[in-house]
Amino acid sequence: MAKTGGLGDVSGSLPKELARLGHDVTVFMPYYRQAREYFAAQGIEPEPVIPTTWIGWAAWTADVTFLRTVLPGSDVPLILVANDYYFDREQIYTSLDPIDAVQRYAVFCRAVIAGCEILGIQPDVLHAHDWHTALLPVYLHSGLQASTSFRSTRSVYTIHNLAYQGVAGSAAFNVLGLHSRYWSSDGLEHFGQVNLMKGGIIFADQVTTVSPNYAREVQTPAHGAGLDGVLRAVAYKFTGILNGIDIEEWDPASDPHLPSHYEAYDLRGKAAIKKALAGDAELKYDSKTPLIGVVSRLVEQKGFQLLLPILGKLLKAGAQAVILGSGDRAYEEGFMQVAEHHPETCRVWLGFDNALAHLMYGGCDLLLMPSMYEPCGLNQMYSLRYGTLPVVRLTGGLADTVIPYDGTNEELANGFGFTAPSSEELYFATWIGMLSYKEAKLWKKLQRNGMAADFSWARSARHYEEVYARAVT
Ligand code: ADP
Ligand code: GLC
C-alpha cells in the first residue's frame with residue numbers, strides 16, 4: 001500500500017494476525033500519497049469519520065482529517081491520518097530538513113492521540129514502530145493517563161532498524177511540546193541532539209526488536225549505533241521477536257503475480273516462472289544456468305559494496321543475474337555498469353515494483369543478501385518459501401533464519417552463508433550455491449528444507465501477546 005521496505009509488510013500483516021487471535025486491533029497510519037494512489041487504483045474511497053479537526057500542540061497547529069477503511073484483505077479497521085502538507089509527498093519518509101521530519105511525525109503522533117479520544121478508542125496497548133512513532137510512548141509517559149482514552153494504556157515500542165533514529169538539532173525539541181525534564185541524557189537528549197528513538201526506548205513499557213540475534217547484537221558497541229548503552233540499561237524490558245510473513249500473500253501455490261504455481265512436493269511449475277522472468281529480462285533461458293537475484297533497497301546496509309566488485313566474475317563463472325532495486329546513486333550506477341558490460345547475462349531494473357519482486361522470488365534460483373547488518377530481513381524468508389535459496393551474510397535475523405549448507409548438513413540446510421564482510425567470502429558462498437545448483441538431488445532437498453520452514457505470523461504473534469501481557473502487568 002505504502003512501503004519502502006519491510007516495515008510496510010510488518011505493519012500490514014502483524015495486525016491481521018493479532019485480530020485473528022481475537023484481539024480488537026485498530027491501525028493508524030499517515031495518509032501518504034502512495035496509500036492514496038493504492039486505494040484509488042482499487043476503486044476504494046476511504047470515508048472521513050469526523051469533520052476536519054485542528055490539532056494544536058506546542059507552538060503549532062495542523063488540520064487533520066481522519067478517514068476510515070480496513071487493512072486490505074482483512075476487516076481490521078485502518079484510520080488514515082490525512083494532512084496534505086505533511087503526508088501527500090513524493091517520498092514516504094525522506095525529508096531533507098530534520099526539523100520538518102520531526103514535525104511531520106509529531107503531528108502524526110498527536111493526531112493518533114486526538115483520534116483515539118475523538119473516536120472513543122481506549123487501548124490497553126499502544127504499539128509504536130520505529131523512530132516515526134517513538135513519540136507515542138513518550139507522550140503517554142508525559143501525562144496522558146489523565147485522559148479517559150488512555151487511563152490504563154501501556155506502550156510497546158518496536159525497533160525495526162536502529163540506524164534510523166529520528167535525530168535533529170536541539171531546536172526540534174520545541175516542536176515536541178514536552179516538559180524540559182525530557183531534555184536530558186535520560187530523556188530525548190543524545191549528545192546535544194534530539195533523538196526520538198531514544199525516547200521510545202526509555203519511556204515504553206516494553207521494547208522489542210525484530211529478531212533475537214539482532215536484539216543481542218544491538219547491545220554491543222559494534223552494532224548499537226550509539227544506543228547500545230541505552231539498550232543494555234533496558235535489557236529487563238527488551239526482547240527480540242522474529243518477524244513473520246504473510247503466508248497468504250506470499251504463496252507460490254497461489255500467487256497471482258506468477259504465471260504458474262508449485263509446491264514443495266511438486267516443484268515443476270518453477271521452471272515456467274524462471275522462463276517468464278528470463279523473458280522479461282531479455283536473457284536467454286537455460287535451466288542449467290543458475291539465475292541469481294537481488295530485490296532490495298540499494299543502501300549501504302544491504303552490503304552491495306561487497307557484491308559490485310565480484311558480480312562480473314560470478315557471471316563469467318556461469319551465472320545469470322537479475323537485480324531489482326533503488327536507492328543510492330553509487331549502487332544504482334554500479335549495477336547498471338555491470339549490466340552494460342554483461343548484457344547477455346545481467347539485467348538491472350531500477351525502481352520499486354512489487355509484482356516483479358514476486359516474479360523474482362519465484363523465478364530465481366539464488367537470492368543474494370550480503371547485508372552489513374540486518375535487523376530481521378523478509379526477503380530471505382520470501383525466497384525460502386518460494387524454493388529460491390538465499391546466500392546471506394550471517395548477521396542479525398539472517399542468522400536466525402538461514403541454515404547454511406556446509407557440505408554435510410543437507411538434512412537441515414536451506415541456503416548459503418558467510419560471516420566476514422568481504423567480497424571473497426561472498427564470492428565463495430555464492431559459488432558453493434552455484435555448484436550445489438548443478439546437483440539436482442541435493443538442490444531439491446535444500447529447496448524443500450526452506451519451503452518447510454514455518455515463518456508464518458501465527459508463531460511470532462504469540463510472542464507479541466506475551467510482550468503485551470508483560471506491558472499491562
Ligand atoms: P528492508 O526493510 O530493510 O528494506 P526487508 O527484507 O525486511 O528489508 O524487506 C524488504 C521488503 O521490500 C520486501 O517486501 C521486498 O520484497 C521489498 N522490496 C525492496 N526493494 C524492492 C523493490 N525495488 N521493488 C519491490 N519490492 C521491493
Ligand atoms: C527494517 C529492517 C529489516 C526488517 C524490516 C521489518 O527495515 O531493515 O531487516 O526486516 O525492518 O521489520
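**Exercise 1. In which hand does α11 pass α16?** Work out the geometry of this pair in the predicted model, then list who touches whom.

*Solution.* 
- Step 1: find the helices. α11 covers residues 304-316 and α16 covers residues 423-437.
- Step 2: get the angle and the distance. The two helices pack at about 45°, and their axes lie 9 Å apart.
- Step 3: name the arrangement. Roughly parallel needs an angle under 35 degrees, and roughly perpendicular runs from 65 to 115. The pair α11 and α16 is therefore oblique.
- Step 4: settle the hand. The crossing of α11 past α16 is right-handed.
- Step 5: pick out the contact residues. From α11 come Q305, L306, L307, P309, I310, K313 and L314, while α16 brings S423, L426, Y427, T430 and M434.
- Step 6: sort them by class. The contact of α11 with α16 holds 8 nonpolar, 3 polar and 1 charged residues.

**Exercise 2. At what angle do α16 and α17 pack?** Stay with α16 and look at its contact with α17.

*Solution.* 
- Step 1: read off the geometry. α17 spans residues 440-452, and α16 packs on α17 at about 115°, with the axes 7 Å apart.
- Step 2: name the arrangement. The roughly perpendicular class takes in 65 to 115 degrees, so α16 and α17 are roughly perpendicular to each other.
- Step 3: find the partners. On the α16 side you'll see G433, S436 and Y437, which meet A440, L442 and W443 of α17.
- Step 4: sort them. This contact of α16 with α17 has 4 nonpolar, 2 polar and no charged residues.

**Exercise 3. Which residues of α10 and α13 make the contact?** Describe the crossing before you list them.

*Solution.* 
- Step 1: locate the pair. α10 is residues 269-281 and α13 is residues 354-363; their axes come within 8 Å and cross at roughly 130°.
- Step 2: name the arrangement. Roughly antiparallel would take an angle over 145 degrees, and α10 and α13 are therefore oblique.
- Step 3: settle the hand. α10 goes past α13 in a left-handed crossing.
- Step 4: list the contact. K270, I273, K274, L277 and D280 belong to α10, and L356, L359, M360, Y361, G362 and G363 belong to α13.
- Step 5: sort them. The contact of α10 with α13 comes out as 6 nonpolar, 2 polar and 3 charged residues.

**Exercise 4. How many cavities of 30 Å³ or more does a search of the whole structure find?** Say what lines the largest one.

*Solution.* 
- Step 1: count. The search turns up 1 cavity of 30 Å³ or more.
- Step 2: get the volume. The largest cavity has about 40 Å³.
- Step 3: The lining is V294, V295, S296, K302, F304, L368, M369 and N379.
- Step 4: trace the strands. β13 (291-298) and β16 (366-369) each give at least two lining residues, and β13 gives the most, with 3.
- Step 5: sort the lining. The largest cavity is lined by 5 nonpolar, 2 polar and 1 charged residues.

Key
Residues are numbered from 1 along each chain as its sequence is written. Chains are lettered from A and ligands numbered from 1 in the order in which they are written. This is a predicted model: local features need pLDDT of at least 70, side-chain atom pairs count only at pLDDT 80 or more; totals for chains, interfaces and linings use all residues. Side-chain values use heavy atoms; hydrogens and water are left out. Axes are lines fitted to C-alpha atoms, for helices over the stretch in contact, and angles run from 0 to 180 degrees between N-to-C directions. Helices (H or I, at least four residues) and strands (E, at least two) are DSSP runs, numbered from the N terminus. A crossing is left-handed if the near helix is turned anticlockwise from the far one by less than a right angle, and right-handed if clockwise. Contact means heavy atoms within 4.5 Å. Ala, Val, Leu, Ile, Met, Phe, Trp, Tyr, Cys and Pro count as nonpolar, Asp, Glu, Lys and Arg as charged, and the others, Gly among them, as polar. On a 1 Å grid over the protein atoms alone, a cavity is a set of points where a 1.4 Å probe fits but cannot get out, and a pocket is an open set with protein on both sides within 12 Å along at least five of seven lines; lining residues have an atom within 4 Å of a point. Grid points are joined across faces, edges and corners, and a volume is the space filled by probe spheres set on the points.
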